[in-house]
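The following exercises are to be worked with the sequence and the coordinates at hand. Each task is followed by a stepwise solution.

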Amino acid sequence: MSNGDEHPGTGRRGYVGGVVRDALGAIRQLVSGLRTAFLALLVLILLVVCALTVPLGMGLLAAPAALRALHRLAGAERARLARFGPEVVAPEPPTDSPRAALRDPTTRRELRWLARHVVVGLPLGLFGFLLPILAVRDLTFPLYWRFVPADVTATSIGIGSSTSWADAVAVALLGVGWIAIVLGLGPAMARAQANPGRRLLAAGPETDLSLRVAELTATRAAALDAHAAELRRIERALHDGTQNRIVSVTVLLGAARRMVARDPAGAQELLERAQSAAEQALADLRAVSRSILPPVLSDRGLAGALTGLAAECAVPCRVDVDVPRRCAASVEATAYFVVAEALTNVAKHSGASRATVTARLTGGRLLLAVEDDGHGGATAPSESGDGGPPGAGSGLAGIRRRVAAHDGTFRLASPPGGPTTLEVDLPCGS
């Protein structure tokens, strides 16, 4: 049916729903910006103190630490903005030297952003935090106005008193006004808070982006390689397992059909074998389909899926998952593959007596860690995917390829004698 044939109410409901979603997203963005704005105020105070104490010598000693705090905060703001919109491409790492910082264009742009985020971002973040509270407080005032002492201000803005139902309804109308402000101005306030960061913290025209282009090219190639390897694995599983069993079923059924008249007992035996082969082929198909996108991720989420992997591991495994919201399906599938492959390596090669799986969602990134108390000696694969000795790095190249396809990071620490810790950092899209 064309859009013109849709019921008018459906379009209006969709529009209202979109306005509400935009307003809620803007409030979340403003409140998240309040945190970085408060930290920006502290860093700005630290930088001012350093500048004022330079004649005493103390400022020069504290300046490198203050500049590092500025750079880290700018990086946190880039990550925050990327969660609510397009990625903010970071420039080349700036310097921590006080003398060089005065000439460094990246540091100067970060300082300009710092001042604007304090002046603009902090008040807007406070508004984003307070407006929903004021709206709920005034909108629900008729429910409790009788219990409020007569000398207490009725409204959230500190004026007026309530002595009748009419006064209580007037306060509720003020709450409706707060909601109207949130719905109408919330997205614009969020954009005003984010604009200085998107303009000043992104790589400027003087920045050489060739390294970033090369990195993205490499991760795209890794994604294509991982996809091709997955297709080859599925093809081998179907060809070597399922297809052979189905051929066996066909042969057995043909033989049983020919024997049914002259040897019913023999035909019955062949039919039983054909049924067994068909059931095994079905089990193989289910195993292949689960390896593509495990249904447990859809049914139980990442926490339940990782708990299931730990329960099936031959080594006693403890799971600690703190992922309060769902990640993108491809990210969850990659996390599941990483943990499954890592626990397989632990069971086969580590000689460990216990293992621990940790998953955290922090700042829009999914952090995974698999640790065991085995004998260590695992070798991290190179960027090309080549691992160490057989058995020592088995499966790790596949993990690196999958992680690189998501523009994530892969770290492995496995000194001789153990313990072995595998850490993966994945951007978590929504």
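**Exercise 1.** Does Arg360 count as buried, partly exposed or exposed, and at what relative accessibility?

*Solution.* The model is predicted: local features require pLDDT of at least 70, side-chain atom pairs count only at pLDDT 80 or more, and totals for chains, interfaces and linings use all residues. Residues are numbered from 1 along each chain as its sequence is written, and side-chain values use heavy atoms, with hydrogens and water left out.

Step 1. Apply the classes: buried means under 20% relative accessible area, exposed over 50%, and partly exposed in between (1.4 Å probe, protein chains only).

Step 2. Arg360 has 27% relative accessibility and therefore counts as partly exposed.

Step 3. Asp320 likewise counts as partly exposed, at 27%. The side chains of Arg360 and Asp320 meet in a salt bridge (2.6 Å, N to O), the term denoting a side-chain nitrogen of Lys or Arg within 4 Å of a carboxyl oxygen of Asp or Glu.

Step 4. Because Arg360 belongs to strand S2 and Asp320 to strand S1, this pair ties together parts 40 residues apart in sequence.

**Exercise 2.** Determine which strands Glu423 and Arg411 belong to, and describe their contact.

*Solution.* Step 1. Glu423 forms a salt bridge with Arg411, with the closest N and O atoms 3.2 Å apart.

Step 2. Glu423 lies in strand S5 and Arg411 in strand S4, so the pair ties together parts that are 12 residues apart in sequence.

Step 3. Glu423 counts as partly exposed at 32% relative accessibility, and Arg411 is partly exposed with a relative accessible area of 41%.

**Exercise 3.** What is the strand order of the sheet?

*Solution.* Step 1. Helices (H or I, at least four residues) and strands (E, at least two) are DSSP runs, numbered from the N terminus. Two strands pair if DSSP finds at least two bridges between them.

Step 2. The open sheet has five strands in the order S1-S2-S3-S5-S4, with mixed pairing. Its edge strands, each pairing on one side only, are S1 (317-322) and S4 (409-413).

Step 3. S2 (residues 355-362) and S3 (residues 365-372) pair in the antiparallel sense over eight bridges; Thr358 has Ala369 in S3 as its bridge partner.

Step 4. Helix H10 (residues 329-350) packs on the sheet and touches S1, S2, S3 and S5 (420-427), where contact means heavy atoms within 4.5 Å.

**Exercise 4.** Which residues touch the most other members of the largest nonpolar core?

*Solution.* Step 1. A nonpolar core is a set of buried Ala, Val, Leu, Ile, Met, Phe, Trp, Tyr and Cys residues joined through side-chain atoms within 4.5 Å.

Step 2. Of its 35 residues, Leu343, Leu366, Leu368, Ile399 and Val424 touch the most other members.

Step 3. Two or more residues come from each of H9 (295-312), H10, S2, S3, H11 (396-405) and S5. The largest share, nine residues, comes from H10.

Step 4. A second, separate core of 19 residues includes Val43, Leu67, Leu201 and Ala202.

**Exercise 5.** Where do Arg80 and Glu77 lie, and how many residues apart are they?

*Solution.* Step 1. The side chains of Arg80 and Glu77 meet in a salt bridge (2.8 Å, N to O).

Step 2. Because Arg80 and Glu77 are three residues apart in helix H2 (residues 58-83), about one helical turn separates them.

Step 3. Both Arg80 and Glu77 are buried. The structure holds eight salt bridges.

How values were computed: Axes are lines fitted to C-alpha atoms, for helices over the stretch in contact, and angles run from 0 to 180 degrees between N-to-C directions.
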